[in-house]
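Please walk through this model with the viewer open.

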Amino acid sequence: MEVDSSSSGREGFLSPDTIADHPASPCNEQWLRAIAASPGIAIGPAVLWLPPAARGSDSCVSADAEWERYTRAVSELRRELLSARAVVVAEAAEVVPIIDSYLHLLEDASLEERVRELVMAGMTAEQALQRVFDSLIGRLRRSADVLFQERGNELEHFLQWFLAALRLPQRDYTRTTGAVVVAPAVTPSEVVLLHRAGACGLVTAVGGITSHTTILARSLQLPAVIGVRNALGTIPEGELVIVDGYTGTVVVRPTEETRRRYERHRDSTEWRRRVLRWFAQLPAETIDGRRFHLRVNIAAPQDVQEANLVGAEGVGLLRTEALFLQLGRLPNEEEQFQWYQELAQQFYPDPVTIRLFDLGGDKYGEGTTERNPALGMRGVRFLLRHPEVLQTQLRAIVRVAAIWPNIRVLVPMVTSPQELTAIRQHLWRVQQECIGNIARAIPVGAMVETPAAALCAAQLAEVADFFSIGTNDLVQFTLAVDREHGQLAELFEPFHPAVWQLIGKVVEVAHQRGLPVGICGELAAHAEATELLVGLGVDELSTIPAALIPLKHRIRRLSYAQARARVRALTNGG
Amino acid sequence: MVERSVVVRLPLGLHARPAAELAALAARFTATVWLVRDGIAANAKSVLELMSLAVEHGTTVVVQAEGEDAGEAVLRVADFLQRAEEG
């Protein structure tokens, strides 16, 4: 946007302060931050997408005319949904069920009947719809289950969309071509039709990250930022706007420099995304058809977006203590619940492995200094001595697991089966407290990161549902080398035979007992370790998101039979 | 009138997709089928009404049916609600 700066300062009697504050300074770009709902960069003029204003018809002419108006709106909406459906069948088949659920609602057996009854009793179509939906939405909103609350919000959108169709049967989508659409909220079919009309980005005032609208925007790769409060008041029609769906940023009136920077960002990420999207959907499979699960280690919110981009099959390691470090205090139950739930939902049905806090007494602020913190009060040792911390975390986990069955629990720094059993007892008690007898079992795994755990894998297997080998600590403890010791760096050798004997033993024991076993340390991402891990038959590899694509690439070039033979030759040769 | 009380085992409760499946199932019977939760009844052939009952995992509901094939309808609907897996 060109800004005319020549007008300021003409009137010489203005005080310098007033001139400096003049809004027409060349740089009045505005940055708004909200929720990143769908990744991508969009740059274009804003089009304000408002529901048509009410017609103000509070009384109806005749019940029959009102009923006809209602049925006309229904067939208009059906037409809109069917054309949206035709678009998504070709471009994003996974979201067809969402459109279908709207069609079902529209054709619902009792909706028509109830509205008809009220209209015939003298209500306008709007009043009748409002009345019917009020009773339905109220109950959903009062539900303790966030999924049902969200459904309530969706029904509310559905109602608004319905009401809009009654007022103005047809909307002009063509004016959104090449534009950033700014709306209070949009319905799923609107997202599809806006995308088809060529809208390049979406900004909404209402939040709700789980809503169908967001899922659709992601599937159609329409960059979107949602929950921008007062978006309609801040962004003028026609103003140039940048939507950064990676970080949840909207830039209004960008300077030439900002605009160019974002254009470069958009063009380079576009290409990268296209390649990634193709590669991300390929399976992690050797040339002879052995499949591996590639998961991600997550420590920060931005890891999640990247995990989606690289096609991770779930979370192999959620570093929950990251939330502690970020907040500078222990997160409360609600904060944990929110975070775990978001992840469970994002990755469903793939597993999300929540590692219990691996906190040391030093981080918890007990003021105690340990001479050897790596071997001190940390992981499961800390948790069992701080039951209040453990139980808060378990409560958050149990509540999420009641809704999302893809949650797993991983216990850090285990050295004996007793520790795992103790955690299981705490978990069981929390489940009884929160849910009662109907609670389903949550898988509990042992982090194998001490030589003791590796050597006692058979005993651990009796009380564990899965193993996850944490190679960073396993190497440090096996070789007795501090991994942060600058002068001993060359002794920190992840390929030391002692380390691999332990890994091999754990995998063997796990497979004898039918337990899945994964690797979640840096070794999983190490280029030279891939063939050995494949040959050992490790079931899952978990890495930081950035390492996942190269890892998949390596696996897809290997032969499982050959890798297996090589591992066997290595072990037999000593 | 045939009726039976069941505990809902569907992992996520009766949310959008299972509600649609259940409505389709109920529609196959000539009997009128109701799902009652805390005294509020929903027409089991209506997705909208089913969903807005907000039936969470673990809730107890009563299935009622009236009509020719009411017995079979109650049996099948109850079975559906007690499935531990979606699919």
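At what angle do the axes of helix α19 and helix α20 of chain A cross, and within what distance do they come? The model is predicted, and in it the axes of α19(A), residues 471-479, and α20(A), residues 497-512, come within 9 Å. They cross at roughly 125°. Angles over 145 degrees would count as roughly antiparallel, and 65 to 115 as roughly perpendicular. The two helices α19(A) and α20(A) are therefore oblique to each other. The crossing of α19(A) past α20(A) is right-handed. On the α19(A) side, the contact is made by A:Leu474, A:Val475, A:Thr478 and A:Leu479. On the α20(A) side, A:Ala498, A:Val499 and A:Leu502 make it. By residue class, this contact holds six nonpolar residues, one polar and no charged.

Now step back to the whole of chain A. It has 574 residues, and 41% of them count as buried. There are 23 helices and 16 strands in this chain. Take the contacts in chain A with a sequence separation of 6 or more: 66% of them link residues 24 or more positions apart.

Next comes the sheet. Eight strands of chain A form an open sheet. Their order across it is β1-β8-β7-β3-β4-β5-β6-β2, and the pairing is mixed. The edges are β1, residues 30-33, and β2, residues 35-38, each pairing on one side only. Neighbouring strands are turned by 30° against each other on average, direction ignored. Look at one pair inside this order. Strand β4(A), residues 180-183, and strand β5(A), residues 201-204, run parallel and are joined by four bridges. A:Val181 has A:Leu202 in β5(A) as its bridge partner.

Follow the chain out of β4(A). A:Pro184 sits in the loop between β4 and α7 (188-197) of chain A. Is this proline buried, exposed or partly exposed? A:Pro184 has 15 other C-beta atoms within 10 Å, so it is partly exposed. A residue needs 20 or more to be buried, and 12 or fewer to be exposed. Beyond residues up to four places away in sequence, A:Pro184 touches A:Thr204, A:Ala205, A:Val206 and A:Leu232. Its C-alpha atom is separated by 9.1 Å from that of A:Val228, 44 residues apart along the chain.

A:Val228 is the next stop. This valine lies in another loop, between β6 (224-226) and α9 (231-234) of chain A. A:Val228 counts as buried because it has 23 C-beta neighbours inside 10 Å. Leaving aside neighbours within four places in sequence, A:Val228 contacts A:Leu32, A:Ala34, A:Val203, A:Thr204, A:Ala205 and A:Val250. A:Thr204 and A:Ala205 are also among the residues that A:Pro184 touches. From A:Val228 to A:Gly248, 20 residues apart along the chain, the C-alpha separation is 9.2 Å.

A:Leu420 belongs to α16 of chain A, residues 417-434. Which residues does A:Leu420 touch, not counting those up to four places away in sequence? They are A:Val411, A:Val414, A:Val444, A:Ala446, A:Leu460, A:Val463 and A:Ala464. One of these contacts is with A:Leu460, which is 40 residues apart from A:Leu420 in sequence and 7.9 Å apart in space, C-alpha to C-alpha. With 23 other C-beta atoms within 10 Å, A:Leu420 is buried.

Finally, turn to chain B. It has 87 residues, of which 47% count as buried. Chain B contains three helices and four strands. Along the sequence they follow the pattern β-α-β-β-α-β-α. Among contacts in chain B between residues at least 6 apart in sequence, 71% join residues at least 24 apart.

The two chains meet through 20 residues from chain B and 20 residues from chain A. On the chain B side, α1 (16-26) and α2 (47-51) each supply at least two residues. The largest share of that side comes from α2(B), with four residues. By class, the side of chain B that touches chain A divides into nine nonpolar, seven polar and four charged residues.

Note on methods: Residues numbered from 1 in each chain as written. Chains lettered and ligands numbered in written order. Predicted model: local features only at pLDDT ≥ 70, side-chain atom pairs only at ≥ 80, totals over all residues. Contact = placed C-beta atoms within 7 Å. Pairing = 2+ DSSP bridges. Axes fitted to C-alpha atoms, helices over the stretch in contact; angles between N-to-C directions. Nonpolar A, V, L, I, M, F, W, Y, C, P; charged D, E, K, R; others polar. Parallel < 35°, antiparallel > 145°, perpendicular 65-115°, else oblique. Left-handed = near helix turned anticlockwise from the far one by under 90°.
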